[in-house]
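Here is a set of questions and answers for someone new to reading protein structures.

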Amino acid sequence: MGREVAESCIDGVIIEMVSAYGRRFYATKPELAAHRIEAIGYQVGHQLIERYTMERPRFNDHLEVIKFICKDFWQELFKKQIDNLKTNHKGTFVLQDNNFRWLTRISIDPSSDNNDGSQGSSSEATNLLLYFPCGIIRGALSNLGIPCAVSADSSNLPFCSFMVRIKA
Amino acid sequence: MIASVAVVGHQNNPLYLQSFTNANDALKLHHIVHCSLDVIDERVNNPKRSVSTLNESYLGLLYPTESYKVYGYLSNTKAKFLVVTTDLDVKDADIRSFFRRFHAAYVDAVSNPFHVPEKKIVSRTFAQRVSGIVKAFAAGTNG
């Protein structure tokens, strides 16, 4: 009953979405572009989590929810699980992915043309791209009843870590 | 036979209410569904220690009144599904499979990009699927 789509189509749509919002719609206001991309991710995560938790019994606590995100949810989205999970037991979790699937298609530009203090355009695009999975995680968690803030750090492509701060 | 089905969001806002009897009793159904929400809250917040139903989605019979019974189901995202039935003798397995199919239809309706979360479900496909599931249920219990 379900139809299938080639993964390269998904890659293409995501890359084009980030580029459209970053370069065309909000070219002069990168914060608004980031906000928009994160909001799109929020809606996607919100709807996806409904589908992926359908068969499961209900969760007991926050840690179980985060473990579900790290294992089953990540497996469905990226065909692998999160490689490392750290927590400070006070509502902050760090999810580390050693080989983030969407970043494997980003090229690292060795020659940076603009030396006017701003970063090379490739890392700007990477930062904008990472707002999308942050939004997905935030949407998924908030639909499960956990309001939070998610930020991403990718100093070392394709290694990527997401920090989830649960709002008390 | 099933009198009505309802979907209630996690802030107890009604998302979908459909009645399958011919009478014009939408208000009475709203009232029944609203009262059942209290029972759901009670079941979820005060788990009975004897039965380990703490994590199950299917909540079972919520309360029987003189002419109908109400069954409940709570999803992981705190969406509540309620079924009001006038059948006296309904098998648990039938209701469980009804809720499974209903949940699948709900997930498809919510995945619609034009659906606004926490607003009413206006999809006609969803209404048709729910009618189909209710008809199949009635046929299954009568057969």
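The questions below go from one chain to the interface and then to single residues of this predicted model.

Q: How many helices and strands are there in chain A, and in what pattern do they follow along the sequence?
A: Chain A has four helices and four strands. Read along the sequence, their order in chain A is α-α-α-β-β-α-β-β.

Q: What percentage of the residues in chain A is buried?
A: A residue counts as buried when its relative accessible area is under 20%. Chain A has 168 residues, and the buried part of them is 38%.

Q: Among the contacts in chain A with a separation of 6 or more, what share comes from residues 24 or more positions apart?
A: The count takes in contacts in chain A with a separation of 6 or more. Within that set, residues 24 or more positions apart account for 56%.

Q: What area is buried between chain B and chain A?
A: The size of an interface is often given as the accessible area lost when the parts come together. At this interface, 22 residues of chain B are in contact with 15 residues of chain A. Carbon and sulfur atoms give 44% of the buried area, which is about 1,700 Å².

Q: How many residue pairs are in polar contact across the interface of chain B and chain A, and which element of chain B gives the largest share of its side?
A: The rule finds eight residue pairs in polar contact across this interface, both residues at pLDDT 80 or more. On the side of chain B that touches chain A, the elements that give two or more residues are strand S4 (69–74) and helix H2 (92–110) of chain B. The largest share, six residues, comes from H2(B).

Q: By class, what residues make up the side of chain B that touches chain A?
A: Residues are sorted here as nonpolar, polar or charged. The side of chain B that touches chain A has two charged, nine polar and 11 nonpolar residues.

Q: Which side chains meet in a salt bridge across the interface of chain B and chain A?
A: Side chains of opposite charge can pair when their charged atoms come close. The rule finds one salt bridge across this interface, with a distance of 3.0 Å from N to O. The pair runs from helix H2 of chain B to helix H2 (residues 30–52) of chain A. Its two residues are Asp108(B) and Arg51(A).

Q: Are Asp108(B) and Arg51(A) buried, partly exposed or exposed?
A: A residue is partly exposed when its relative accessible area lies between the 20% limit for buried and the 50% limit for exposed. Asp108(B) has 31% relative accessibility, and Arg51(A) has 35%. Because these values fall in that range, Asp108(B) and Arg51(A) count as partly exposed.

Q: Which residues are linked with Lys79(A) in a network of salt bridges?
A: The structure holds nine salt bridges over all chains. In the network, Lys79(A) is linked with Glu7(A) and Arg101(A).

Q: What is the phi of Lys79(A)?
A: Most residues other than glycine have a negative phi. Lys79(A) is in the loop between helix H3 (62–78) and strand S1 (84–87) of chain A, and at 55% relative accessibility it counts as exposed. Although Lys79(A) is not a glycine, its phi is positive, about 60°.

Q: Where does Lys78(B) lie, and what is its phi?
A: Lys78(B) lies in the loop between S4 and strand S5 (80–85) of chain B. Lys78(B) is partly exposed, with a relative accessible area of 34%. It is a residue other than glycine with a positive phi, near 65°.

Conventions:
Residues numbered from 1 in each chain as written. Chains lettered and ligands numbered in written order. Predicted model: local features only at pLDDT ≥ 70, side-chain atom pairs only at ≥ 80, totals over all residues. Heavy atoms only, no water. Contact = heavy atoms within 4.5 Å. Buried area = accessible area lost by both parts, 1.4 Å probe. Salt bridge = Lys/Arg side-chain N within 4 Å of Asp/Glu carboxyl O. Polar contact = N/O pair within 3.5 Å; in protein donor to acceptor, adjacent residues only side chain to side chain. Buried < 20%, exposed > 50% of the residue type's maximum accessible area, 1.4 Å probe, protein only.
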